[in-house]
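Open the model in your viewer and follow the selections below in order.

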Amino acid sequence: MTADAETTPDSPADEAWGRVDDDGTVSVRETDGWRVVGQFPDGSAEEALAYFERKFADLASEVTLLEVRHRRGGASAADVRKAARTVSEKLDGAAAVGDLAGLQSRVGALLDTLEQATETEAKAAKEAVDEAVRERTGIVESAEALAARDPKTVQWKQASGEMTALFERWQDHQQNGPRLPRSTGQALWKRFRDARATVDRHRREFYAELDEAHKSVRDRKARLVERAEALAPRGEDGIGAYRDLLDEWKSAGRAGKKADDALWARFKAAGDALYEARGVREAAEAESSREKIAARRELLEEARAVADERDLTKARALLTGIQRRWDDLGRVFPRDVERALDDDLRKIENALRSREEADWKRNDPETKARANDMTRQLTDAIDKLQQELDDARASGDEKAIAAASEALEARKVWLRALGG
């Protein structure tokens, strides 16, 4: 007995995809005839045919799933193509009853489509890898540029931050970027690792040298602090020596902020003690000078009468007496007050000296003689010019009159200037 598979609306009964022989052998109809797919001896023909039809349905589901994955996108075309080839291999000689040729045709069409998509995808992947190589090479070159800088000129806090940022970029690119060819990736990593190690070595060497330099400066400044503190018993007399130590301190260099701050606090405290002693002394002197300052101001008031005294001899005697009492008062503190008072008295002294010099010039015999001789000459010239003017007027010569008048007036001006 032979049982044919149930027909569908699209296929007549004589085109059924499967049949079952009396011994339970199941065959599938293909283009070149029937092919045995298996036996099902322990059941009815309908059960045997249904079993192999389910096998076909499973294969059809796989094909449909591949088609859906391709349509929706997101999946790699190469991965879908690989899966499609696997399904194609399953369909070849599959133990299933159904339109296997139709499924194979669908899979073939899908493979044709995926081939072009795979080529496009491969090209894009290569471009992405090339771009990734360029980007990662840029990271490496930046790291190598840092490693090539002179360690003595590097701002290490900033440089360490830059290297950390480069390493984070490397990690992000490695985790989220496309996978590089093994040899290329390893070569770039070796360059980056070596540059990073060089920067780290330079940083350690720099700070080691800096620590050594700081230690030397710390020792030097510690000795300066001890010498400054030893000046305390000298009080104000130690200020000069302290200033010399301060010059040495300024040229000593840096010992690190924390150490510098601590040592400077001690050094400054030693200096403050010396200057405080001077401040105490100056305060005492200023207090003792209060009466002297008042006395000098009174003397200044007396000295203002010198300018009003017309008799220079009396004016000089008055000022000399004031100067003697001024000096008898002694030094005045603070010094700026003393200088201001001295300047006021000096103005009065200079004014009197100017008056005395002017008087001496007026009363100098030689000067008087020269002035008298000049007066006689001018008087004779004026008499002669007056005669010339009279003669010109008598003759009516206007030009001669103008010349004589001008010359005569000039000689009179000179005579008046000499007091004649």
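Start by selecting Glu338: this residue is buried, with a relative accessible area of 7% (buried means under 20%, exposed over 50%, partly exposed in between, with a 1.4 Å probe and protein chains only). The model is predicted, so local features need pLDDT of at least 70 and side-chain atom pairs pLDDT 80 or more, while totals for chains, interfaces and linings use all residues. Residues are numbered from 1 along each chain as its sequence is written, and side-chain values use heavy atoms, leaving out hydrogens and water.

Arg331 is partly exposed, at 43%.

Next, select Glu62 and Lys90, a salt bridge of 3.2 Å, N to O. Glu62 sits in helix H1 (residues 45-72) and Lys90 in helix H2 (residues 77-91), 28 residues apart; helices are DSSP runs of H or I with at least four residues, strands runs of E with at least two, numbered from the N terminus. Glu62 is partly exposed at 29% relative accessibility, and Lys90 is partly exposed at 40%.

Move to Arg106 and Glu67, whose side chains meet at 2.8 Å, N to O. This pair joins helix H3 (residues 100-148) to helix H1 across 39 residues.

Then select Lys190, Arg193 and Asp194, which a network of salt bridges links. The structure holds 23 salt bridges.

Finally, show the whole protein chain: 12 helices and 4 strands. Its C-alpha trace spans about 180 × 90 × 35 Å along the principal axes.

Terms used:
A salt bridge is a side-chain nitrogen of Lys or Arg within 4 Å of a carboxyl oxygen of Asp or Glu.
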